[in-house]
Amino acid sequence: MRSFASDNNARVHPEILEAIIRSNDGDVISYGDDVYTQRAIEKFKEIFGKDIDVYFVYNGTGANVLALTAITKPFNAIIASPMSHINVDECGAVEKSSGCKIITVPSSDGKIRIDDIKKLLHAKGVEHHSQPKVISITQSTEVGTVYTVEEIKEITKFAHENDMYVHMDGARIANAAASLNKSLREITKDAGVDVLSFGGTKNGMMFGEAVVFFNRELSKDFKFVRKQGTQLHSKMRYISAQFEALLTNDLWLKNAKHANEMAKYLEEKVKEIDGIKITQRVEANAVFAIMPRKAIEKLQEKYFFYIWDEEKDEVRWMTSFETTKEDIDLFVEEIKRVMRDF
């Protein structure tokens, strides 16, 4: 039975699994001094340009924690959405490791906006307050919405004018690029982002993320930050080989496009059902909806998914590169069945 809980629940894409197997041949130098890692880094440079620095890590939390630790001092503050992963789902890891305070600004759709960020700048230069230094945005957001290029540029321009940096949590960066029909470079480097946590796991990889520095002044000591942060993989080839496969022949884009299309298909099917309300724009690979609690409980007897907001009875349904229309049709039939009593 297909899960609609998370794209993390999907299997490893067969082409990526094959790449891991191909890399499992003989001895190679450890800690990234191998041909697989060099080739993977070249793939990133083909996409983003030569003037970047790329470091591979185990997971998304590690990527976010180390990226933010590298560009801040402990007396700094990181501005983010209240529903951001760094604020809600990383067990305080960013604050513990960086020493920084995370300050949230209001958001109903996952995005944060300049007018709300401006209100926090009164603290700059005041020794009694944490000093705002980084604006962290998530692309696509935790509720499946997507920042436009113009919105990102507005944030980065504002940040740089106020001596701040912009970090992008790109756990689902591929889904955002597919949604916008823009290149990865257009929505990151060219839009003024300083450092990117580039996601692989949610888009078909077994494990592994990348920290990509577009502002190379910020990466000077990152190899030490990564080692001290316990994210330096000794057998680096098994992360690198996956990224090489993901970034070859646009596999990253094919996977993300399919996941997005399946979410739109699910939205179209579900919005026809009386008693269900779609709560967010479906722009990436997530559908958020409100339905009766008893119907949720009945549906969860057969399908695994999460309740996003307990008070509102709002659920989250995620699609992945391997979700099919048949999977969705069966899921929708079950939704219709449980909704007949409401």
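Predicted model: local features only at pLDDT ≥ 70, side-chain atom pairs only at ≥ 80, totals over all residues.

Visitor: Where is the place of Glu322?

Guide: Glu322 is found in the loop between β11 (314-318) and α13 (325-339).

Visitor: Why does Glu322 count as buried?

Guide: The relative accessibility of Glu322 is 14%, and buried means under 20%, so Glu322 counts as buried.

Visitor: What makes the pair Glu322 and Arg11 a polar contact?

Guide: The side chains of these two residues, Glu322 and Arg11, are joined at 2.6 Å, and the cut-off asks for N or O atoms within 3.5 Å, one able to donate a hydrogen and the other to accept it; the pair is therefore called a polar contact.

Visitor: Why is Thr188 called buried?

Guide: Thr188 has 0% relative accessibility, and the word applies under 20%, so Thr188 counts as buried. Its place is in the loop between α8 (173-180) and β6 (195-199), where the side chain of Thr188 reaches the backbone oxygen of Leu184 at 2.6 Å.

Visitor: Which residues does Thr188 touch, not counting residues up to four places away in sequence?

Guide: Thr188 touches Phe48, Met168, Ile173, Val193, Leu196 and Phe214, and the word contact here means heavy atoms within 4.5 Å.

Visitor: How much space lies in the largest pocket, and which residues are the closest to its centre?

Guide: The largest pocket holds about 850 Å³ of space. It is lined by 42 residues, of which Met83, Asp89, Glu142, Trp308 and Arg316 are the closest to its centre. The elements that give two or more residues to this lining are α3 (60-70), α4 (85-88), β6, β10 (306-309) and β11.

Visitor: How do the residues in the lining of the largest pocket divide by class?

Guide: The lining of the largest pocket has eleven nonpolar, 19 polar and twelve charged residues.

Visitor: What is the volume of the second largest pocket, and which residues are the closest to its centre?

Guide: The second largest pocket has a volume of about 200 Å³, and among its 13 lining residues the closest to its centre are Leu66, Ser97, Val225, Gln228 and Gly229. Two or more residues of this lining come from each of α3 and α9 (222-228), with α3 giving the most, five residues.

Visitor: How many residues in the lining of the second largest pocket are charged?

Guide: Its lining has no charged residues, the rest being four nonpolar and nine polar.

How values were computed
Residues numbered from 1 in each chain as written. Heavy atoms only, no water. Helix = DSSP H or I, 4+ residues; strand = E, 2+ residues; numbered from the N terminus. Buried < 20%, exposed > 50% of the residue type's maximum accessible area, 1.4 Å probe, protein only. 1 Å grid on protein atoms, 1.4 Å probe; cavity = no way out; pocket = protein on both sides within 12 Å on 5 of 7 lines; lining within 4 Å. Points joined across faces, edges and corners; volume = space filled by probe spheres on them. Nonpolar A, V, L, I, M, F, W, Y, C, P; charged D, E, K, R; others polar.
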